[in-house]
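Biologist: Could you walk me through this one, starting with the strands?
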Amino acid sequence: MKKTLKLLVFIICLVSMLNLHAQNKQDFTGLQYKYTTAKETIEERNQRMKWFREARFGLFIHWGLYSQLGGEYKGRVSVNGEWIQNMLNIPTSEYNELIKTFNPIKYNPKEWAQLFKDAGLKYICITTKHHDGFCLWDSKVNDDWDIGVTPYKKDLLAPLAKEVRKQDITFCIYHSILDWHHPLWPGTVNNIAAGQTDKDRYINEYLYPQLKELFTQYGDIGMIWFDGTWGGNWNSEDGKKIEEYTRSLQPSVIINNRSGYEIPQPKYAFQELINNRYGFTVRGDYITPERDVPPVQMPGMDWETCQTVWKQNTWGYHRLAPYRSTKELLHLLIDIVAKGGNLLLNIGPTAEGEIPVQIKELLLNIGQWLVVNGEAIYGTTASPFDKLPFSGRCTQKGNKLYFHVYKWPTKELNIPLKNQVIRAYLLDNPQVNIKVDRGPKFISLKLPLNAPDPIASVIVVEIEGDVIVTENNDTSVINNNVYKAEMAKLIGIPCDIKIEEFDNFKSIGYWTDASDWVEWSVELKTETEYDVILDMACTATSAGSKMTLTVADKKLDFIVPETGAWNKFKKVKIGKMRLSDGKFTAVLKAHNKTGKAIINIRSLIFKPLKL
Ligand code: H79
């Protein structure tokens, strides 16, 4: 039975991979507009989306009864703070007690708003209600499970909306459609409240009236982040209706993709990488990859990655979870913006209403960087480069290219750019021009000795005309027959292989099951003999697995060599192949696994030999 299931999954995977050409970008222009429930012209849509597209950096706030537990209950720990009722199977009668003790007396929305301003945030999105159903405002259609019943009593949303708007920050709301507390919610798996469930009554008597309260009592809402349409028999029609209802309350509101309204799904050029990744389904006004950054740019698609400050999957406050570093979060923001998306960075205040000091520090560090470098983030668009020959990212605005340099070069910085350069300078010192030399492929910037910023230093290059990238970005290979990790199809039942990233390069990793394999669509321009090279890494203890590369009817067997470490990549020649020109599939399979994993791969390269 298990075997049949696996086979079925495998066939479905294969079918979904047909007709896909690996490429770096895919244009989605017009797609979301075509299926939107908003009645508007494309110009009106662009106008409505404008603030969101320019904002680039928002804050997610998860706050509720669960914040009191901080991930711990009666000596047991849940990885996830806001799911604790479900994760630790806390009896409803016990969880209900939390309403008697929620009293955020230290809540100071004015101070919060100041902190958010200092962090450089452009919008905030707060959980008005999470899956446990507790409401942060005193709802008229709820008399047992909202802030009005707690010792605190006062509405938490209005003062926050007011204070953040004073700081020019857009107020947005999160709202869970599923509700573990409400007896009418028809969710099966997660419905902790026992009752005579009735979806239509839940929608009409509870969900919609609550949305009406939120959209009529709190001024202009920038965006609503629906979540949790699973567990019940919520369907596309319900999704369409809730979008239409929401838009009828405030036509300019931006709606995320979790309303549940199904629109025809586009085939992504990199489908194999995003299959089943959470939040990629195209619905609403923009897509919401959760804890995940799309592997490449998606021009024409509005998107926002949400990620939490904690190193583990907790969104609500957690007492024990370690925090991410400033560097990690800044690089995350820069990477996202360089791909054309937004970052919605999540924090969880304590039940007393305090923002943990570690979070304050992270936010202020990011804010300090943005004071100097915000110009290179806000209102910018994605990088024109597929790849840069240094560790860093690029964003652009008008005739300015912003290079966010992670590793400061010891000599010059080379950029594969054809345009005339008007001038180049450091963003933290615009008065001083940087000397620019021009080579055949690159412009070369003579940088000062020391990096202005240890995490990311921004160099501005002002250019003439539309940006023109030098064709061949990769200097190491003739003919550009480089098949990168992100272009590979990862295959298995299920597939353990994943794409990871070291030093700014994507690589194939987690190849822990010898029955999984990878494939590339290869197109060769010349019939000749090729050196076949793998840019690869493997530890000494794992080296030695036997592999075969098959291209057309040619086979190449080799033993995986060691490079010293899983992140120490070397270009290794695995052999020669005589191949004709044309389109092929290059299939790389393993025969065995001698250590923890088989191999890590950045690229497969066919280097034509001179005749
Ligand atoms: O609000 C945050 C999550 O609680 C919510 N979306 C973000 C923004 C979310 N709800 N459900 N899911 C995400 C997907 C389901 C995840 C689960 Fe689990 C996996 C539920 C149980 C296992 C993650 C890990 C949540 C609890 C443990």
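Modeller: Two strands count as paired if DSSP finds at least two bridges between them. Keep in mind that this is a predicted model. With that rule, five strands form an open sheet in the order β19-β22-β27-β24-β25, and their pairing is antiparallel.

Biologist: Which are the edge strands?
Modeller: The edges are β19, residues 489-491, and β25, residues 554-559, each of which pairs on one side only. From one strand to the next, the twist averages 20°.

Biologist: How many bridges link β19 and β22?
Modeller: There are three bridges, in the antiparallel sense, between β19 and β22, the latter covering residues 517-524. Within that pairing, Ile491 stands opposite Trp517 of β22.

Biologist: Changing topic, what about the largest nonpolar core?
Modeller: It has 150 residues, and those with the most contacts inside it are Phe116, Phe171, Ile508, Trp520 and Phe606. Helix α8, residues 199-217, gives the most to this core, with eight residues. Apart from this core lies another, of 20 residues, including Cys394 and Trp408.

Biologist: And what is Phe116 in contact with?
Modeller: Leaving aside neighbours within four places in sequence, its contacts include Leu59, Ile61, Leu160 and Ile355.

Biologist: Back to α8, how does it pack with α9?
Modeller: Helix α8 and helix α9, residues 236-249, pack at an angle of about 25°, with their axes 10 Å apart. Because angles under 35 degrees count as roughly parallel, α8 is roughly parallel to α9. The crossing of α8 past α9 is right-handed, and among the residues making the contact are Ile203 and Phe215 of α8 and Ile242 and Tyr245 of α9.

How values were computed
Residues numbered from 1 in each chain as written. Predicted model: local features only at pLDDT ≥ 70, side-chain atom pairs only at ≥ 80, totals over all residues. Heavy atoms only, no water. Core = buried A, V, L, I, M, F, W, Y, C linked by side-chain atoms within 4.5 Å. Buried < 20%, exposed > 50% of the residue type's maximum accessible area, 1.4 Å probe, protein only. Helix = DSSP H or I, 4+ residues; strand = E, 2+ residues; numbered from the N terminus. Contact = heavy atoms within 4.5 Å. Axes fitted to C-alpha atoms, helices over the stretch in contact; angles between N-to-C directions. Parallel < 35°, antiparallel > 145°, perpendicular 65-115°, else oblique. Left-handed = near helix turned anticlockwise from the far one by under 90°.
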